[in-house]
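Here are my notes on the cavities and on one helix. Please read them beside the model.

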Amino acid sequence: MAKVLLVEDNDVNREMLVRRLAKRGFDMVVAIDGEDALGVARNEQPDIVLMDMSLPVLDGWETTRQLKDNRETAHIPVIALTAHAMIEDRNRCYAAGCDDYDTKPIEIDRLISKIQTLIHRLSR
Amino acid sequence: MAIFTLPLGILVRQLVFEIDQRIEFIEKERRGLHYNRLLRNVLEKSLAYRSQTHEVVTKGDRSIASLVDLETQIESIFQGIEINERRDSKILKTTPNWSRIQATWRFNRKALLQNNLSPEELYCLQSGFITDIVKQITHVGDTSNMILDPDLDTYYFLDTLITKLPTATFLTAEIRDLPKVNCISQERDPEQHLFLLSSRLDQSILSIAHARQTILEQYPEANIPTSSYVTTVQSTHRFVQVIEQLPLDRQVNNLDLQKQSQYSLDAQFMLYDAVEPLVQEKLSLRVEQLKARKSSAVIFTFLVLFIIISIYIALTLNWLYIRLLDRRLSLQYRTASVLAEAQSLEWAIDRILPNICQQLQWDIGELWQVTPINGEIKISCVKNWQRSPNPRLGQRADLSADKPSIVSRAFSQKQPIWRSEVMQYRNALIYTSRTEFHEFPHALALPILHEEEVIGVMAFFNRELPDQSDEQLTTLLAVGRQIAQFIQRQRISQELSDAKEVAEVASRAKSQFLANMSHEFRTPLNAIIGYGEMLHEESEDFENTVLTDDLSKIVTAGRHLLKLVEDVLDISKIEAGHMRPYLEEFNISLMLEEVVATTRPLIQKNKNAFVLKCDPEVINIYSDFLKLKQILINLLSNAGKFTHGGLVQLEVMREIGANQTFILFRVKDSGIGISAEQIQKLFRVFTQADDSTTRKYGGTGLGLAISQAFCQIMGGTLTVDSVVDQGTVFTVRLPERPTNPSPTMPISEVNHG
């Protein structure tokens with residue numbers, strides 16, 4: 001089963017999404033900020049990262065950039081999660097190295113279809 | 001002025017000069033006449049004297065006792081002549097002759113007294129004397145212009161007086177006396193000589209009669225002393241006849257002859273006495289007329305001159321008035337144009353004050369502004385302009401209302417203050433260097449009034465006494481009013497911009513607050529909706545129908561609330577003017593796919609058919625991707641919401657206009673439709689077509705307002721066309737490519753979480 005790293009600082013939202021995705025059969029690992037995320041991604045080698053963009057310590061864009069700069073984690077696809085998807089946000093996400101984006105509040109089915117699309121594309 | 005008066009003056013001077021010359025001419029005649037009057041008397045007396053002398057001497061009685069009376073008479077006439085001589089000798093040039101006459105008189109008397117001369121010799125001496133008098137009469141006639149008299153009547157009268165009568169008298173006396181004495185020239189035949197004399201006398205008398213005749217013909221109304229003329233002519237004629245009838249030897253001591261000669265002489269002197277006053281009268285009448293003419297000419301001239309001067313003065317005053325008016329208007333005009341351009345009072349005053357001072361001749365001009373500070377009045381100098389800048393005058397210190405200054409006085413009395421006293425107010429004028437005020441003793445301060453409130457003071461100082469006319473004041477007060485209006489306008493505009501600043505700060509704060517709030521709302525809503533969905537799924541798994549329904553309601557309500565938060569955020573941004581399009585080029589089909597994916601379930605929920613028609617020419621658009629998507633989703637979900645078992649269509653087509661190409665997105669439905677009345681309120685914030693629709697169909701009531709605002713932001717329009725119970729068509733019309741794309745200003749989002 002695919003392993004998903006969820007980077008989210010809001011406890012309630014993080015816990016909720018973990019439960020809902022775990023229920024759909026994903027293997028969930030979490031990080032609560034950017035620094036944390038870099039370490040977890042290196043150690044756990046997830047199949048995909050769901051990255052909240054407004055993070056404390058190291059924000060989502062910077063974290064994504066560092067993930068993509070590191071040989072060990074560069075191959076892992078990243079889906080950006082933003083509260084209000086203005087075009088500049090979206091473009092900033094792509095510029096930082098994100099592979100896709102989705103807007104909050106999460107529609108679980110749409111998010112799952114995006115996760116699956118990315119995992120299948122890479123595994124092919 | 002001189003152009004008019006100079007020719008007039010010359011003309012009048014000429015006229016007066018001519019009249020004066022004629023008067024002088026006549027005066028000369030009159031003096032001559034007067035002089036001759038005396039000579040005539042001398043002639044009369046000396047003729048008698050000669051005849052008496054001869055009688056006395058021939059009788060051997062050489063005592064002169066009987067002659068004394070005549071001598072006295074002659075000498076008294078001499079005294080009269082002497083007076084005239086002294087006065088008129090220069091004009092009449094009588095002196096040489098007069099001296100000779102006097103000398104001859106003295107010599108003759110001496111000769112008579114010495115008694116050593118024969119009667120004939122004495123007679124001859126006295127005849128020489130008489131000849132001299134007759135000559136003098138003619139001479140005076142020449143020198144006194146009498147012989148040149150221009151009028152015919154007086155000319156003939158005068159001719160009679162100065163030549164004909166004296167000649168006739170002389171001849172009459174000669175003819176009478178010659179036979180008595182034996183002193184007729186030896187060479188001549190005495191009889192022939194007498195005949196010659198008598199024919200000359202006849203001629204003289206004839207010409208006198210002729211002259212009278214001529215005057216009578218020319219001047220029938222002339223007052224001629226006819227009887228005197230007739231007597232003279234007749235008596236003399238008879239005398240000549242008597243002589244011609246008598247042989248020479250019988251003439252001596254002939255009584256008839258003696259008598260006749262005396263008649264004739266008397267008549268001649270009478271004629272003289274009759275004509276002379278007549279001429280005098282005529283001449284003085286002529287002088288009177290000339291004097292009257294002269295004074296009327298002078299009066300006329302003064303009248304014309306007066307009129308010319310009056311007109312000149314009137315014109316000058318009028319011109320001065322127009323010039324003053326023009327100066328005032330031009331000053332006001334320039335002030336107005338400066339004030340119209342001015343951004344600040346300082347800038348305007350820098351230009352207005354020099355202009356005023358130069359136009360109205362002030363050495364120093366100042367503008368003071370009145371500002372209330374903490375209940376106290378501060379009067380501060382905005383501008384001090386000096387014709388010749390003097391650094392020693394320095395800065396003007398601020399004043400208060402009770403300071404003894406002309407500026408403060410104009411402020412507190414609310415009226416213009418003139419000051420011309422030199423030293424008294426020196427202390428009142430507060431420059432840092434007080435001594436300078438010796439130089440500018442004259443001052444004027446005017447309050448600048450706005451609605452009875454003094455908002456400034458204009459002050460002017462001068463070295464010389466300035467123009468203190470009402471016009472000066474009127475002009476300055478008018479300029480003052482203009483400045484007052486400007487100051488007031490500045491104040492109001494400052495207040496407005498302050499108020500605007502406050503409002504903008506408040507508005508920004510509101511927008512910020514709303515943005516923050518919506519983010520803060522959204523985070524817990526995420527959890528509510530997320531957990532709601534999760535529990536809903538789980539309760540479905542457990543087939544707990546009651547719980548599933550309830551949880552489904554929580555999720556729906558949560559989503560509605562979320563939508564509401566987002567719409568409120570959009571509206572607040574639109575109202576604050578912060579909503580700007582993010583323009584980019586994108587593929588329309590791809591966008592439509594996303595739109596349809598979102599809205600198809602909603603449309604189909606009410607058992608509606610959905611048709612998408614896209615013109616194949618429609619490919620890309622340069623617009624705001626997200627906003628367009630939001631508009632279309634809103635319109636399609638509305639269509640789906642208000643249509644049941646009908647048809648919802650989305651048509652996309654290209655419209656090529658004259659200058660611009662548009663893309664039309666047309667959302668058609670066959671739903672309940674909207675009435676014309678409802679359409680009016682359709683795009684207003686928080687308004688749905690009907691209040692009940694909110695309850696029946698849900699929705700925030702903000703969607704259409706937001707959609708329309710978005711269309712406008714992107715340079716397009718959103719229009720609606722509807723028939724109740726038939727359906728509604730919403731048309732979004734956006735430029736394919738904005739003609740003048742404004743640079744995109746991304747809205748800084750507060751929230752990225």
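How much space lies in the second largest cavity? About 60 Å³.

1. Basis. This is a predicted model, in which local features need pLDDT of at least 70, side-chain atom pairs count only at pLDDT 80 or more, and totals for chains, interfaces and linings use all residues. Residues are numbered from 1 along each chain as its sequence is written, chains are lettered from A in the order written, and side-chain values use heavy atoms, without hydrogens or water.

2. Second largest cavity. A cavity is a set of points, on a 1 Å grid over the protein atoms alone, where a 1.4 Å probe fits but cannot get out; lining residues have an atom within 4 Å of a point. Volume is the space filled by probe spheres set on the points. Among the lining residues here are Arg40(B), Thr169(B) and Tyr272(B). Helix 1 (2-58), helix 5 and helix 9 of chain B each supply at least two. Helices are DSSP runs (H or I, at least four residues), numbered from the N terminus.

3. Largest cavity. The volume is about 90 Å³. The lining includes Glu8(A), Met16(A), Asn526(B) and Gly530(B). Helix 1 of chain A gives the largest share, three residues.

4. Helix 7 of chain B. Residues 226-245 reach 28 Å from first C-alpha to last, close to the 28 Å expected at 1.5 Å a residue, counting one less than the number of residues. Tyr229(B), Phe239(B) and Ile243(B) are among the buried residues (under 20% relative accessible area, 1.4 Å probe, protein chains only). The buried residues pack against helices including helix 5 (152-177) and helix 9 (255-341) of chain B, with contact meaning heavy atoms within 4.5 Å.

Notes:
Buried means under 20% relative accessible area, exposed over 50%, partly exposed in between (1.4 Å probe, protein chains only). On a 1 Å grid over the protein atoms alone, a cavity is a set of points where a 1.4 Å probe fits but cannot get out, and a pocket is an open set with protein on both sides within 12 Å along at least five of seven lines; lining residues have an atom within 4 Å of a point.
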